[in-house]
Amino acid sequence: MTVLIVGGSGFLGTELTRQAVAAGRATAATFTTAPGSVPQATWHALDLQEAERVEAVVVEVNPHLVINATSSMADWAVTAEGPARLAMAAAKLGCRLVHVSSDAVFSGARIHYDESCPPDPVTPYGAAKAAAETGVRLLAPNAVIARTSLIIGGARSVHVRLVHDLAAGEREGVLFTDDIRCPVHVADLAAALLELGSSDAHGVHHLAGADAVSRHELGVLIAKRDGLAPSRLPKGLRAGTALPGALDVRLDSRATQRQLHTTLRGARQFLAAGA
């Protein structure tokens, strides 16, 4: 089975590409500036803003499964419109599609969110991700839309880099004690996405970790895992700041977890010493 990883040179995309290759699958992946670090994959330059190029890559690879792991923040043309172009190409060629979305589609007004909850974004990025979900559902009804949360792993994770920089005094800022999410390990997330793509699942699925933790608690866990001093991590409250976005968003992934062999570990488990 041929797999196409769109955004394969990114943090999540690299892990998806690595796991697909390790599983013996014929694997192609895309990049915007330079090919990724998995040489066994076939690499294709792709800008999701170019509709003709999107279709041309899908036609050339002729994959059974396409996983869209791109992330361009609030860039509407890429984050909102790009997945729709990809969904059109996948539907036209009869490819299975898994689209990675985000907990940013939620406002935090109800805190706990399962797959039945409709998006109510409060940031431009969240609005773009919500629009992408709508486009994918309309154009590729059999696609999987997989919402996830903070993605944690090694040094390439932006959250891990932030903790290291703060502990070393190389960056200013604080880790909020009232900003809560359900972090997921990149290896667990990639395995779950590939598993969903190989099944007959469709519709919305939540793929987040089992533990709800604050940004500060997450930082402390990362620091302890990596041998840093947690006391060097400054903390504060996000409430009352001018920063946009939800404070507390907890993705309930239990329904999806029951369908998976892959375990979506909580941060307290996958960041524990020796994990």
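Sorted by class, the residues lining the second largest pocket comprise six nonpolar, four polar and three charged ones. Please keep in mind that you are looking at a predicted model. The lining counts 13 residues in total, and those nearest the pocket centre are Ala210, Leu251, Asp252, Ser253 and Arg254. Two elements give two or more residues each to this lining: β15 (250-251) and α9 (254-257). The space inside the second largest pocket amounts to about 210 Å³.

From here, turn to helix α8, which spans residues 215-225. Which of its residues are buried? They are His216, Leu218, Gly219, Val220, Leu221, Ile222 and Ala223, each with under 20% relative accessible area. The cover over these buried residues of α8 comes from several parts of the chain, including the helices α6 (158-167) and α10 (267-270). Strands take part as well, among them β8 (151-152), β9 (175-176), β13 (213-214) and β14 (235-236). After α8 comes Gly227, with a positive phi near 75°.

Now for the wider view. The chain holds ten helices and 15 strands, and 53% of its 275 residues are buried. If you look at contacts between residues at least 6 apart in sequence, 75% of them join residues at least 24 apart. A compact globule of 275 residues would have a radius of gyration near 19 Å, so the chain's 18 Å agrees with that. Finally, the accessible surface comes to about 12000 Å², and carbon and sulfur atoms account for 53% of this area.

Note on methods:
Residues numbered from 1 in each chain as written. Predicted model: local features only at pLDDT ≥ 70, side-chain atom pairs only at ≥ 80, totals over all residues. Heavy atoms only, no water. 1 Å grid on protein atoms, 1.4 Å probe; cavity = no way out; pocket = protein on both sides within 12 Å on 5 of 7 lines; lining within 4 Å. Points joined across faces, edges and corners; volume = space filled by probe spheres on them. Helix = DSSP H or I, 4+ residues; strand = E, 2+ residues; numbered from the N terminus. Nonpolar A, V, L, I, M, F, W, Y, C, P; charged D, E, K, R; others polar. Buried < 20%, exposed > 50% of the residue type's maximum accessible area, 1.4 Å probe, protein only. Contact = heavy atoms within 4.5 Å. Rg over C-alpha atoms; globule rule 2.2 N^0.38 Å. Areas by Shrake-Rupley, 256 points an atom, 1.4 Å probe, with all protein chains shown as cover.
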